[in-house]
Amino acid sequence: MMIATEALARIEGDKSLSERVLNALKASGVSAFEQILNHSAASFVIGALEDWQKIKVA
């Protein structure tokens, strides 16, 4: 969970990265990120990204 929190903090702290992540999520969906993130904590990061995307798009 700490990894997901840190990942989101870094994404939100960098406007360019934030825009790129949002565009990538819109273009390819969350499943593509699941394939890229080959780590045991990936499910926490994916869940956090899904919530973050809903907030940012709304």
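Against which helices do the buried residues of H1 pack? In this predicted model, local features require pLDDT of at least 70 and side-chain atom pairs count only at pLDDT 80 or more, whereas totals for chains, interfaces and linings use all residues. Residues are numbered from 1 along each chain as its sequence is written, and side-chain values use heavy atoms, with hydrogens and water left out.

Ala4, Leu8 and Ile11 are the buried residues of H1 (buried, under 20% relative accessible area; exposed, over 50%; partly exposed in between; 1.4 Å probe, protein chains only). Because they cover an arc of only 65° around the axis, they lie on the same side of H1; the arc is that of the directions from the helix axis to the C-beta atoms. Met2, Thr5, Arg10 and Gly13 are exposed on the other side of H1.

The buried residues of H1 pack against helix H2 (15-28) and H4. In the contact with H4 (heavy atoms within 4.5 Å), Ile3, Ala4, Leu8, Ile11 and Glu12 of H1 meet Phe44, Val45, Ala48, Leu49, Trp52 and Lys56 of H4.

Gln53 is placed in helix H4 (residues 42-57). At 17% relative accessibility, Gln53 counts as buried. Residues up to four places away in sequence aside, Gln53 touches Leu22, Leu25, Lys26 and Val30.

Notes
Helix = DSSP H or I, 4+ residues; strand = E, 2+ residues; numbered from the N terminus.
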